[in-house]
Amino acid sequence: MNKPTYVQDYQAIVEVLNKYNEGGKQAKSSIMKPAFSEQATIFGVDGDGKLIGGEIQGLFDTIDSAFRPSPEAQGVIVNIDIVGTAASARIDTNDISGFCFTDFFNLLKVDGKWIVVSKIYHTHVAP
């Protein structure tokens with residue numbers, strides 16, 4: 001049996017992150033849900049500098065009820081770092097409902113599959 005290479009792992013992580021990007025662009029959580037562990041978390045900081053977030057379901061609820069992406073909205077994978085069965089990644093997204101996002105993801109390789117276990121985000125107003 002061949003061991004996976006970092007190239008294969010990198011490509012697999014890109015596929016997972018593209019599910020997130022596509023779900024955000026289409027404002028459909030059903031597209032991005034397979035990228036996330038059911039136990040995943042999401043956290044950010046509100047306008048008052050307070051920590052907000054919790055279970056990943058909050059992201060899905062927001063996407064389905066409030067996301068209105070621009071047709072030009074794009075999410076770009078900025079970097080991916082892999083160490084064994086752990087990885088981190090950054091995606092920059094523009095013009096989703098008038099906001100831009102910088103998202104930081106933590107992923108784990110579980111049973112041979114990469115899955116997002118946490119997301120930390122920074123939101124700023126789109127230009």
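Is Ala35 buried or exposed? Ala35 is buried, at a relative accessible area of 1%. Here buried means under 20% relative accessible area, exposed means over 50%, and partly exposed lies in between, with a 1.4 Å probe and protein chains only.

1. **Basis.** This is a predicted model, in which local features need pLDDT of at least 70 and side-chain atom pairs count only at pLDDT 80 or more, while totals for chains, interfaces and linings use all residues. Residues are numbered from 1 along each chain as its sequence is written, and side-chain values use heavy atoms, with hydrogens and water left out.

2. **Fold outline.** The protein chain has 3 helices and 6 strands. Their order along the sequence is α-α-β-β-α-β-β-β-β. Helices (H or I, at least four residues) and strands (E, at least two) are DSSP runs, numbered from the N terminus.

3. **Overall dimensions.** The C-alpha trace spans about 50 × 30 × 25 Å along its principal axes.

4. Of the 127 residues in the protein chain, 36% are buried. Take the contacts with a separation of 6 or more: residues 24 or more positions apart account for 48% of them. Contact means heavy atoms within 4.5 Å.

5. **Surface and charge.** The protein chain exposes about 7700 Å², and carbon and sulfur atoms supply 55% of it. Accessible areas come from the Shrake-Rupley method with a 1.4 Å probe; for residues, only the protein chains shown count as cover. The chain carries 11 positive and 15 negative charges, and their mean positions are 4 Å apart. Lys and Arg count as positive, Asp and Glu as negative; His and the chain ends are not counted. Each charge is placed at NZ of Lys, CZ of Arg, CG of Asp or CD of Glu.

6. **Ala35.** Back to the opening residue. Ala35 sits in the loop between helix H2 (29-32) and S1. Beyond its neighbours within four places in sequence, Ala35 is in contact with Val16, Lys19, Ile115 and Val116. Lys19 is 16 residues away from Ala35 in sequence, yet the C-alpha atoms are 6.3 Å apart.

7. **Aromatic pairs.** How many aromatic pairs does the structure hold? There are 5. Tyr20 and Phe36 form one that is edge-to-face, at 6.2 Å centre to centre with 65° between the planes. This pair links distant parts of the chain: Tyr20 is in helix H1 and Phe36 in strand S1 (residues 36-45), 16 residues apart. Both residues are buried. Rings of Phe, Tyr and Trp (its six-membered ring) pair if their centres lie within 6.5 Å; planes under 30 degrees apart count as stacked, over 60 as edge-to-face and the rest as tilted.

8. Tyr20 and Phe105 are both buried. Ring pairs join Tyr20, Phe36, Phe60 and Phe105 into a cluster.

9. **Asn21.** Asn21 belongs to helix H1 (residues 6-26). Asn21 counts as buried because its relative accessible area is 13%. Setting aside residues up to four places away in sequence, Asn21 touches Gly75, Val76, Ile77, Ile91 and Thr93.

10. **Glu55.** Glu55 is in strand S2 (residues 51-55). Its relative accessibility is 66%, so Glu55 counts as exposed. Glu55 touches Ala40 and Ile42, not counting residues up to four places away in sequence. Tyr121 is 66 residues from Glu55 along the chain, and their C-alpha atoms are separated by 14 Å.

11. **Backbone points to check.** Most residues other than glycine have a negative phi. Ala27 has a positive phi of about 55°, although it is not a glycine. Ala27 lies in the loop between H1 and H2 and is buried, at 16% relative accessible area. Asp111 also has a positive phi, about 50°, and is not a glycine. Asp111 is in the loop between S5 and strand S6 (113-125). With 80% relative accessibility, Asp111 counts as exposed.
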